Amino acid sequence: MSSKEAVLKHGWYLLKAKHREEIRARDNLEHQGFEAYCPLIQEKSVRSPLFPGYLFIRLGKKDLPSYHKIRSTRGIIQVVHFNRITQKLYNEGRLPKEDLRKLLPRPIPDGDQLIDQIEAFVWKHNGCIPDEKPATIRFKEGESVLYDNPLFQHLESTFVKGINMDRGIILIQFIESLRTDDGVKEQVVARKEIEVPLKDLQKVSEEG
């Protein structure tokens, strides 16, 4: 198996952070374009990591070219691997160095569901919302989303920003198909930002 065939499976991964540098590590990862999450709980007047020394990052196959940057990010010690035997064989020189696929970490099983449960606990613990967490934290700026509305559900949508706990702004692109000598081509003829209920949005699966 060559390095060119190595891919990161889409999902949430666990990162080991330096002592008391979890938030710094999260911020540094986000500045590099990664989606990172460090759950913080309110303790008196201070917010502290729910899992000291750890945070989460969501990765997919598109992140493979940038994967090497994670370990060198300030505040990060390593990506947590659950295939320790493979790592040991590699460190002992008993695994071909070009076989990167076996060395890549695996995502947390049912990661999206786990993160949702953690977020719900954090928001309840912090007393921000009595029964549910805000939907805004489910979406990231620039993320592709589906809008459950008969007028727009077949149009390409991009999440722009959250306004409050329940509503956000998405960018709708109106695409027109044009016939040319080379065939049918699509081009964007208009763009419009609209305010929508967050409950009507759904993330577009990277592997879908």
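Biologist: Taking a salt bridge to be a side-chain nitrogen of Lys or Arg within 4 Å of a carboxyl oxygen of Asp or Glu, how many salt bridges does the structure hold?

Modeller: The structure holds eight salt bridges, and please keep in mind that this is a predicted model. Five residues, namely Glu-35, Arg-58, Asp-112, Glu-143 and Lys-203, are linked with one another in a network of salt bridges.

Biologist: What does Asp-112 pair with?

Modeller: Asp-112 forms a salt bridge with Arg-58 through their side chains, with a distance of 3.9 Å from N to O. This pair links distant parts of the chain, since Asp-112 belongs to helix α5 (residues 111-125) and Arg-58 to strand β5, and the two are 54 residues apart.

Biologist: And Arg-58, is that residue buried or exposed?

Modeller: Arg-58 counts as buried because its relative accessibility is 11%, which is under the 20% limit for that class.

Biologist: Which residue does Glu-21 form a salt bridge with?

Modeller: The partner of Glu-21 is Arg-24, and the closest N and O atoms of the two are 3.3 Å apart. Glu-21 has a relative accessibility of 21% and so counts as partly exposed, and Arg-24, at 40%, is likewise classed as partly exposed.

Biologist: Let's move to Asp-63; where is its place in the chain?

Modeller: Asp-63 is in the loop between β5 and α2 (68-71). With a relative accessibility of 9%, Asp-63 is therefore classed as buried. Its side chain meets that of Lys-62 in a salt bridge at 3.3 Å, N to O, whereas Lys-62 itself counts as exposed, with 58% relative accessibility.

Biologist: Leaving aside its neighbours within four places in sequence, what is Asp-63 in contact with?

Modeller: With those neighbours left aside, Asp-63 is in contact with Leu-8, Phe-34 and Arg-58.

Biologist: New topic, the nonpolar core: which residues in the largest one touch the most other members?

Modeller: The largest nonpolar core has 18 residues, and those that touch the most other members are Leu-15, Leu-29, Leu-55, Ile-57, Leu-59 and Ile-70. At least two residues of this core come from each of β1 (11-17), α1 (22-31), β5 (54-59) and β6 (76-79). Apart from this core lies another one of eleven residues, including Phe-139, Phe-152, Val-196 and Leu-201.

Biologist: What does Ile-70 touch, not counting residues up to four places away in sequence?

Modeller: On that basis Ile-70 touches Leu-15, Leu-29, Phe-34, Ile-57, Leu-59, Ile-76 and Val-79.

Biologist: Why is β1 largely enclosed by the rest of the structure?

Modeller: Strand β1 is largely enclosed because six of its seven residues are buried. As for its pairing, β1 runs antiparallel to β5 over six bridges, and within that pairing Trp-12 has Arg-58 in β5 as its bridge partner. Strand β1 is also joined to β6, again in the antiparallel sense, by three bridges, and there Leu-15 has Val-79 as its bridge partner.

Biologist: Where is Val-80 found?

Modeller: Val-80 is found in the loop between β6 and α3 (84-91), and it is buried because its relative accessible area is 16%. Neighbours within four places in sequence aside, Val-80 is in contact with Leu-14, Leu-15, Lys-16, Tyr-54 and Pro-105. Tyr-13 lies 67 residues away from Val-80 in sequence, and the C-alpha atoms of the two are 7.6 Å apart in space.

Terms used. Residues are numbered from 1 along each chain as its sequence is written. This is a predicted model: local features need pLDDT of at least 70, side-chain atom pairs count only at pLDDT 80 or more; totals for chains, interfaces and linings use all residues. Side-chain values use heavy atoms; hydrogens and water are left out. A nonpolar core is a set of buried Ala, Val, Leu, Ile, Met, Phe, Trp, Tyr and Cys residues joined through side-chain atoms within 4.5 Å. Buried means under 20% relative accessible area, exposed over 50%, partly exposed in between (1.4 Å probe, protein chains only). Helices (H or I, at least four residues) and strands (E, at least two) are DSSP runs, numbered from the N terminus. Contact means heavy atoms within 4.5 Å. Two strands pair if DSSP finds at least two bridges between them.
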